[in-house]
Amino acid sequence: MKKMVSRTRALSRSEMALAVFYVIIYLINNFTEYYFQVFPKPLFAIAYVWVLYVYCWNTFFTRKYWKKPYFIAAQIFLLINIIATYIHKENWRLSTLPDFALLILYIFICFGAFFSEDYDKSRNDLEKVLNGFVIVTCIMSLLSDIGYWIPMPIIGRDMPDRWRGLYTMVAETGFYTYFSAMISIYFLHKKLIVKQEMNMKLFWLHVLNLPVQVLLLLLAKGRTTMACFGVVLMIVVFHDLNQLARKDKKYRFLPVLMIAVFALAAYIVVFTDLVSSRNLASLVGNTGTIASMTDAEKTAYLDEITTDRYTLWVTSIEMFKKSPLIGYGLKSYGFTYYKPVPKSNSHNIFITTMLYTGIIGTASLIGYLLICARGMHRHKNSATIGLIALCISFFLTSMLEISFLYNGKAVTAIHWMVLGWLCSCTNESESERQDA
């Protein structure tokens, strides 16, 4: 019995170690691909075998992955993915195993890494991971910012109009910078607004990191990530102003005023050319209305402002209609279905899920996300609002980007760690939950 308990605790620590290991090897992968165009397959192979071991242990022995609604919903979603994939003979191949390992890594391993009833300990452990990520990305982004104006031999200039710095792609630059900036907002908000104690070296790290990341985000010109970063600010500021208005009625106009300010900002971004010409402002200036366009003109226009996503979505939905119930299987593009647009991911979490698992799998995913949303809402307070805003905005990116679930990104793994902790923290101190 003692051996069983000891091994269970070891596997619990292994769950956390595996999640962190995956983040580390993806940061290493950024370095190897950037400088040597090498994908470190052996490291990922270790991670995938480790995933299988931890998943089986916590499913069949400790039963952790059956004890909460979150994990039960995840098991149902995984089962639907397995059926939807292997019902097609074209998917009877070993290359599907890493795809399933990645899915399991996110919704079980990373989600469960800090899923604990010990609120303080799990929060401290999670914050160590978040601070470590900020340290690495702050150094990379600071060098990238400097390299934009001062030529540096370690940074290549292959995209002069959109700066990627030391990240492998411009899209990766957007994800890493905005995610790192969101983490700094969380820590600075806790220090300055919630008045929680914080190591001053870490405080000044986040003070430095925020402008460093925002500057590189602007240089990368990622419209989706910049918009979602704005959503983070809106959620955090609205929460604080709403708390102030509840405590003193003379400030009750502030939340309404903030919404008006953000609505005005959204109007400027979408309907004027002050920020970007690739928006509805160009439609008003050039053609008047979409109704007056021909089908070809409409497609060309919508592709221009969505960076070809419109055609990608339309063709994906047409393909989905041919197998609406069960879909084509996890990451089955090129095996069980093809699209005119050469993209293996539809750049939308729900359209992609519809292709992979049909209506059944999409309904299961929506149910799972609603359970998680309820868990986050139960634990909403001034100390957690920064991380809740992070999760909400990261989900919004999945409406337009390859993020959240069907990809391999360090930021995605960290997002699932944060989500798991938010759903599990049940014994907050009274001071932290008095404003929930």
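Here is a guided walk through this structure, from its overall make-up to a few individual residues.

What you see is a predicted model, in which local features need pLDDT of at least 70 and side-chain atom pairs count only at pLDDT 80 or more, while totals for chains, interfaces and linings use all residues. Residues are numbered from 1 along each chain as its sequence is written, and side-chain values use heavy atoms, with hydrogens and water left out.

Let's begin with the whole protein. It has 16 helices and zero strands; helices (H or I, at least four residues) and strands (E, at least two) are DSSP runs, numbered from the N terminus. Of its 436 residues, 51% count as buried, where buried means under 20% relative accessible area, exposed over 50%, and partly exposed in between, with a 1.4 Å probe and protein chains only. The accessible surface (Shrake-Rupley method, 1.4 Å probe) comes to about 21000 Å², and carbon and sulfur atoms account for 68% of that. Contact means heavy atoms within 4.5 Å; among contacts between residues at least 6 apart in sequence, 72% join residues at least 24 apart.

Now step inside. The largest nonpolar core has 105 residues, a nonpolar core being a set of buried Ala, Val, Leu, Ile, Met, Phe, Trp, Tyr and Cys residues joined through side-chain atoms within 4.5 Å. Ile107, Phe111, Leu405, Trp416 and Met417 have the most contacts inside this core. Helix H4 (residues 96-113) gives the most to it, with 13 residues.

Helix H6 (residues 170-192) has 23 residues and reaches 32 Å from its first C-alpha to its last, close to the 33 Å expected at 1.5 Å a residue; the expected span is 1.5 Å times one less than the number of residues. Because 20 of its 23 residues are buried, H6 is largely enclosed by the rest of the structure. Within H6 sits Ser180, which is buried with a relative accessible area of 0%. A polar contact of 3.0 Å joins the side chains of Ser180 and Asn209. Such a contact is a pair of N or O atoms within 3.5 Å; within protein, one must be able to donate a hydrogen and the other to accept it, and residues adjacent in sequence count only if both atoms are side-chain atoms.

Helix H13 (residues 349-378) tells another story. A straight helix of 30 residues would span 44 Å, yet H13 spans only 25 Å between its end C-alpha atoms. H13 bends by about 125° at Thr357, the bend being the angle between axes fitted to the seven residues ending there and the seven starting there. At the start of H13, a side-chain oxygen of Asn348 comes to within 3.0 Å of the backbone nitrogen of Phe350.

Finally, visit two loops. His347, in the loop between helix H12 (309-320) and H13, has a positive phi of about 55° although it is not a glycine. His347 counts as buried, at 12% relative accessibility. Lys221 is found in the loop between helix H7 (200-220) and helix H8 (223-247). Its phi is positive too, about 60°, although Lys221 is not a glycine, and Lys221 is partly exposed at 45% relative accessible area.
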